Amino acid sequence: MNRVLAFAVVIIAAMSPLSVSAEAGLKSLFKREQSTLGAMPDHQLKSFLTASRGKVSKKGKAPAFSFTRDWLDAQPEPEGGDNWRCLAEALYFEARGETVKGQFAVAEVIMNRVRSGRYPDTLCGVIRQGTGKRYQCQFTYTCDGRAEVIREPAAFERVSKVARAVMDGYAGDLTDGATHYHTLSVKPRWARVYTQTAKIGEHIFYRQNYRTASSD
């Protein structure tokens, strides 16, 4: 924690005028911390930086993480590359009507597939697996023959923040390693074989007979 705080001091100081002696001291501190910070997992560093950009409350503190609309609304406008966009779109078409926690859980399943070694190793690859063969894809919205049009921009903004947060390492393990899910209204054949791990909102979650790789 002290190392992270030291890094924060360097960032804040870089944006303010410094005396010669203060600048020299900070440069020395940064050199000592650089190797340690370089070894920090990307998702932890990104989480710290993302949290620092969030809206600040009247008491001067960013809101603590929670599975609520208030927490999402307090997050900055998200941004990212193709994989972030793929995950945001998947959450929009698969889970925009879910609770915030349910949306995080669906995103976690997709992340678990990426980490498993049994599916494509990118978010876009996992989400688009089987696309092009009608009703033979992994995520139905990508192969149901209907145009993928985002008609609810406010809902898309929320799920895009969920996607960004999941990619930045928020939430943890909600589904106990799940790689599959279905809504309460259906009962696919594989649900009789796989291990049920959680029920969150309108979805039931399962894992195959292996655990996903650690996210560390």
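A search of the whole structure, which is a predicted model, turns up 13 aromatic pairs. Here, rings of Phe, Tyr and Trp (its six-membered ring) pair if their centres lie within 6.5 Å; planes under 30 degrees apart count as stacked, over 60 as edge-to-face and the rest as tilted. Take Tyr92 and Phe93: their ring centres sit 4.9 Å apart with the planes at 90°, so this pair is edge-to-face. Tyr92 is buried at a relative accessible area of 1%, while Phe93, at 22%, is partly exposed (buried means under 20% relative accessible area, exposed over 50%, partly exposed in between, with a 1.4 Å probe and protein chains only). Tyr92 also has Arg96 over its face, 4.4 Å from the ring centre (for Arg, CZ must be within 6 Å of the ring centre and within 35 degrees of the ring normal).

Tyr92 belongs to the buried residues of α5, which also include Trp84, Leu87 and Leu91. Helices are DSSP runs of H or I with at least four residues, strands are E runs of at least two, and both are numbered from the N terminus. The buried residues of α5 pack against α6 (100-116), α7 (123-127) and α8 (153-167), where contact means heavy atoms within 4.5 Å.

Elsewhere, ring pairs join Phe65, Phe67, Trp71, Phe104 and Tyr170 into a cluster.

As for the ground rules, residues are numbered from 1 along each chain as its sequence is written. Local features need pLDDT of at least 70, side-chain atom pairs count only at pLDDT 80 or more, totals for chains, interfaces and linings use all residues, and side-chain values use heavy atoms, leaving out hydrogens and water.
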